[in-house]
Amino acid sequence: MSRSKWVLPLGMMFLLVSCGEEVKKELPVLGPYKVVDEVVDGALVTDTMFTTVRPFSFTDQDSNEINHATVEGKVFVTDFFFTSCPTICPKMKQQMLRVYDAFDGESQLVLLSHSIDPIRDSVGRLKDYADKLGIQSDRWHMVTGNRDSIYSMAKHYMIAAQVDELAPGGYAHSGAFLLIDRNKQIRGIYDGTSEEEVDVLMEDIEWLLHE
Amino acid sequence: MSKTLGNLVLFTLLLAACDYKPRNQGKVLYERNCQSCHMESGQGLGRLLPPVANADYVLEHRAELACIIRHGISGPIQVNGVTYEGEMEGNRQLTDVEINNLVHFILVDLNKQKEHFVINEVRNQLEKCSSTR
């Protein structure tokens, strides 16, 4: 009997066995990291330092200053859009609204949407947009600010999440949702226009909230 | 064996051909030009984007749909009791026939209407709004 005959049945058995187990989900930390050696209590310890989200400061739809302190110790989801965008943004907002609704009352989760058209998207315009979407700024901040700071922040997140700069629209207009943990480490990237991927995002949020 | 294969080929050909029916063209045009704003089943989004499925506005403005699609619409309108103050650009790239197929899809598939327009009616509507704008 040839060897290849065994491959299929064995593979199927393997699948059956692995399906039976409840696999505990581990979310990887994304982005570049450094390996550092440290001496702790006289012993050499090797530690991995992951990229963390750097400090920032923007203004939300209710004129609140939103910065790294706003998300301190919380899980957050972030994306980049603009209110007059006719292509992928309405879909992204429809999907982010699902996340907003699903985690109603969850104070440990913050949603943070940046406008990449901050000159036109004034605080007033973001307020109008947020009202029409039916959301409150205590859980979902739509922020505007200095254009360069917003673009460099987009680049910062996307490089960490390894988004291709050559993708249509570049870093800033990728349609991506990024998931960041309580330690400001990037733990997931999802296509914000895909219902299936946003389903996975919602499971992953649940996971991080209880991590 | 060759008979089943023949049937299979025929079946695939038929399936492929289905896509070119006018009403399917309406669906494809909707997905390409409208879905990004009016959403996959025409439900709209909050008070930002009005629904085009099960929408009283669509039924009450049947005779204007072709013109709305070609020339856009702006300013406050009421759809299912909700006021929208948005702006939609026109779709000048769509031909009369394409607009006809889109209107067909919106009325029949998204608003459960039985009757729909024939191409000449849509052409008449479009002629009226081309002179006023």
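1. Chain A splits into domain 1 (2–50) and domain 2 (57–209), with the bounds coming from an automatic or database domain assignment. Before going further: this is a predicted model, where local features need pLDDT of at least 70 and side-chain atom pairs count only at pLDDT 80 or more, while totals for chains, interfaces and linings use all residues. Residues are numbered from 1 along each chain as its sequence is written, chains are lettered from A in the order in which they are written, and side-chain values use heavy atoms, with hydrogens and water left out.

2. On the domain pair in chain A: ten residues of domain 1 are in contact with 13 residues of domain 2, contact being heavy atoms within 4.5 Å. The two domains bury about 970 Å² between them, and carbon and sulfur atoms give 57% of that. Buried area here is the accessible area (1.4 Å probe) that two parts lose on being put together, summed over both. The domain 1 side that touches domain 2 has six nonpolar residues, one polar and three charged. For those classes, Ala, Val, Leu, Ile, Met, Phe, Trp, Tyr, Cys and Pro are nonpolar, Asp, Glu, Lys and Arg are charged, and the others, Gly among them, are polar.

3. Now the chain pair. Eleven residues of chain A are in contact with eleven residues of chain B, and about 940 Å² is buried between the chains, 59% of it on carbon and sulfur atoms. In chain A, Pro90(A), Gln94(A) and Lys132(A) lose the most area to chain B, together 56% of what that side buries.

4. The rule finds one salt bridge across the interface of chain A and chain B. Lys91(A) forms a salt bridge with Glu40(B), with the closest N and O atoms 2.6 Å apart. By class, the chain A side that touches chain B has five nonpolar, two polar and four charged residues.

Methods. A salt bridge is a side-chain nitrogen of Lys or Arg within 4 Å of a carboxyl oxygen of Asp or Glu.
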